[in-house]
Amino acid sequence: LAYRGVDKATDVLSFPFHEDIRQPGSLPCGDEDHHDLGDLFVSIPTVKRDSEALNLPLSSHLQIVVAHGLCHLVGYTHDTSDRASLMYARETKLLEAAAAAAHDAWSVENTGPLRPLT
C-alpha cells in the first residue's frame, strides 16, 4: 500500500491538524482547537529495525522519530536542503529540551548517580 507515492515502510506518519501553517513552528490561534497539533502514527517494527541497523537503543531512536514527526505537525519539511537543515535544527532543540527535562525530573526524585538517557 503506497502513501504519498512511497511504497515502502516508514517510521512515522504525521497528519497535521492545522493545514494553514505559514511559518514552520508557528500555529494559527484564535479557536479552541489551536492546541491540537494532529496525529502521529509510529511503526514500532520499522523503528526497531532501523535502530538495530543504526546500532542505537530503541528508546533513543524512538525519541528521534517522535521529534521528527512533531516537527512535521507544526509545518517543518525536509523537501529541500535548506528546509531540511531548519527542520533538523528544530529536532535537535526538541531532543535537547526533552533530555534536560528528563534529567531535571530524574534528579529531583532520585539521589543516586545519574544514568545516561537511552
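User: Where is the place of Leu 62?

Analyst: Leu 62 sits in helix H2. Keep in mind that this is a predicted model.

User: Is Leu 62 buried, exposed or partly exposed?

Analyst: Buried means under 20% relative accessible area, and exposed means over 50%. Leu 62 has 27% relative accessibility, so it counts as partly exposed.

User: Which residues is Leu 62 in contact with, leaving aside its neighbours within four places in sequence?

Analyst: With those neighbours set aside, Leu 62 touches Val 42, Ile 44 and Val 47. Take Val 42. Along the sequence, Leu 62 and Val 42 are 20 residues apart. In space, their C-alpha atoms are 8.7 Å apart.

User: Let me step back. What pattern does the protein chain follow along the sequence?

Analyst: The order is β-β-α-α-α. That gives three helices and two strands. The protein chain has 118 residues, and 17% of them count as buried. Its accessible surface is about 8500 Å². Carbon and sulfur atoms hold 56% of that surface.

User: What share of the contacts with a separation of 6 or more comes from residues 24 or more positions apart?

Analyst: In the protein chain, that share is 49%. Ser 26 lies in the loop between strand E1 (12-16) and E2. Ser 26 is partly exposed, at 32% relative accessibility.

User: Now the helices. At what angle do H1 and H2 pack, and how far apart are their axes?

Analyst: The general idea comes first. A packed pair of helices is described by two values, the angle between the axes and the distance between the axes. Now the case here. Helix H1 covers residues 44-53 and helix H2 covers residues 58-73. They pack at about 120 degrees, and their axes are 9 Å apart. The crossing of H1 past H2 is right-handed.

User: Which residues make the contact of H1 with H2?

Analyst: H1 supplies Ile 44, Val 47, Lys 48, Asp 50 and Ser 51. H2 supplies Leu 58, His 61, Leu 62 and Val 65. By type, the residues of this contact are five nonpolar, two polar and two charged.

User: How should I read the faces of H1? Which of its residues are buried?

Analyst: Start with the general idea. An α-helix has 3.6 residues a turn, so residues three or four places apart point the same way. In H1, the buried residues are Thr 46, Val 47 and Ser 51. Viewed down the axis of H1, they fall within an arc of 130 degrees, so they line one face of the helix.

User: What covers the buried residues of H1, and which residues are exposed on the other side?

Analyst: The cover includes strand E2 (38-42) and H2. On the other side of H1, Pro 45, Glu 52 and Ala 53 are exposed.

User: What comes just after H1? Which residue takes a positive phi?

Analyst: Asn 55 does, with a phi of about 60 degrees. Asn 55 is not a glycine, yet its phi is positive. Asn 55 belongs to the loop between H1 and H2. For exposure, apply the cut-off again: exposed means over 50%. Asn 55 has a relative accessible area of 71%, so it is exposed.

Key: Residues are numbered from 1 along each chain as its sequence is written. This is a predicted model: local features need pLDDT of at least 70, side-chain atom pairs count only at pLDDT 80 or more; totals for chains, interfaces and linings use all residues. Side-chain values use heavy atoms; hydrogens and water are left out. Axes are lines fitted to C-alpha atoms, for helices over the stretch in contact, and angles run from 0 to 180 degrees between N-to-C directions. Helices (H or I, at least four residues) and strands (E, at least two) are DSSP runs, numbered from the N terminus. A crossing is left-handed if the near helix is turned anticlockwise from the far one by less than a right angle, and right-handed if clockwise. Contact means heavy atoms within 4.5 Å. Ala, Val, Leu, Ile, Met, Phe, Trp, Tyr, Cys and Pro count as nonpolar, Asp, Glu, Lys and Arg as charged, and the others, Gly among them, as polar. Buried means under 20% relative accessible area, exposed over 50%, partly exposed in between (1.4 Å probe, protein chains only). Accessible areas come from the Shrake-Rupley method with a 1.4 Å probe; for residues, only the protein chains shown count as cover. The arc is that of the directions from the helix axis to the C-beta atoms.
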